[in-house]
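Here are a few notes to go with your first look at this one. Keep the viewer open while you read.

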Amino acid sequence: MNHSAPPLDAEIFTRLFSEAHHHFDMREGTVINSAGVRVIYLSSDIIRGIYEALNYEAGEAWKLILENCGYLWGQHMFESLLKEIQLVSQKNLGALPAVEYVRTLEAYFSMHGWGDAKIHLQDASFGIVRVTMTHSLFADALNHVDDRVDAMIAGMLRGFFEKISGGQDLGCVETACARRNAAPQCEFLISGAQRISRLTHLIEDEVSPEKVLQQLRVI
C-alpha cells in the first residue's frame, strides 16, 4: 500500500458505496452499482437453506465447503472491487493510503450486507490482521446452530487478503462468534497459513480471542 498516494475523496466514496448511486429495479430484480456491476444480496432464508442442505448432505464438512466457497468468492470480489474503483475514480486500490484502503474494504463488506466489519492493523508488525464484525449475516441467520458459523466470511477474508498480499499463502480463523450472543462480536485472525493451522487446538478448546491472539504473536 502506498502511504503517499492521495485518498479517495468524499464524492468518489459516495459513488462507490451509497444507496443513492445504486439503481434498484424491483420489476427486473436487479441492483446495479455506479460501475455498472450487478449486485446480488442473499436473504437470511437462503443462508439457512444452504446450511440445512449442506449439513444434511455433508455433516460437519459444511464449514469447510462454505469456507472454500467464501475463499473463491473473496478473490472474485476483490477483482470486482478493483475494477469498480478504477472505473469510478481512475485510481488503483493498491495505491491508496493504508487508512483509505482499510476504509474501502470495510465499506465494501457493509454495502454487500455481510456485516459491519472493522479491520485492525495494530498487529501488522507481527504479520497479523485482526477483523471484528458486528451484525454478521451468518451469525444472525444461523443463530440456532451451536457452533461458529462464519466459515464463509473467514474464507472471503482469506481470499481478499491473499490478493492484497500478492498471493501469499494465508489462513483465517474465527476466534469468536456472536451467534446466540456467545460473544459481543465475531472476531477473525488472518496470518500465514502454517501459523494459523497451529491455532486449531486453541479454537477447539474455546480459548478466548485475546489469548489466541497472544499465542499467534509468538508462533
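This is a predicted model: local features need pLDDT of at least 70, side-chain atom pairs count only at pLDDT 80 or more; totals for chains, interfaces and linings use all residues.

The points below cover the nonpolar cores, the cysteines and one arginine.

1. Start with the packing. The largest nonpolar core has 43 residues. Those with the most contacts inside it are W114, F138, L157, F160, F161 and F188. Helix α6, spanning residues 151-164, gives the most to this core, with 8 residues. As general background, nonpolar side chains in soluble globular proteins tend to be buried together.

2. Leaving aside residues up to four places away in sequence, F161 touches L105, I119, V129, L170 and I190. Another core lies apart from the largest one and has 10 residues, including I128, L189, L199 and L202.

3. Now the cysteines. How many disulfides are there? The count is 0. C177 is in no disulfide, because the nearest cysteine sulfur, from C186, is 4.4 Å away, and a disulfide needs the two sulfurs within 2.5 Å. C177 is buried, at 5% relative accessibility, and C172 is buried too, with a relative accessible area of 7%.

4. Last, have a look at R179, in the loop between β5 (170-176) and β6 (186-192). Is R179 buried or exposed? It counts as buried, at 12% relative accessibility, because the cut-off for buried is under 20%. A polar atom of the R179 side chain lies 2.6 Å from the backbone oxygen of D147. Not counting residues up to four places away in sequence, R179 touches A139, L142, N143, V145, D146, D147, R148 and V149.

Terms used. Residues are numbered from 1 along each chain as its sequence is written. Side-chain values use heavy atoms; hydrogens and water are left out. A nonpolar core is a set of buried Ala, Val, Leu, Ile, Met, Phe, Trp, Tyr and Cys residues joined through side-chain atoms within 4.5 Å. Buried means under 20% relative accessible area, exposed over 50%, partly exposed in between (1.4 Å probe, protein chains only). Helices (H or I, at least four residues) and strands (E, at least two) are DSSP runs, numbered from the N terminus. Contact means heavy atoms within 4.5 Å. A polar contact is a pair of N or O atoms within 3.5 Å; within protein, one must be able to donate a hydrogen and the other to accept it, and residues adjacent in sequence count only if both atoms are side-chain atoms.
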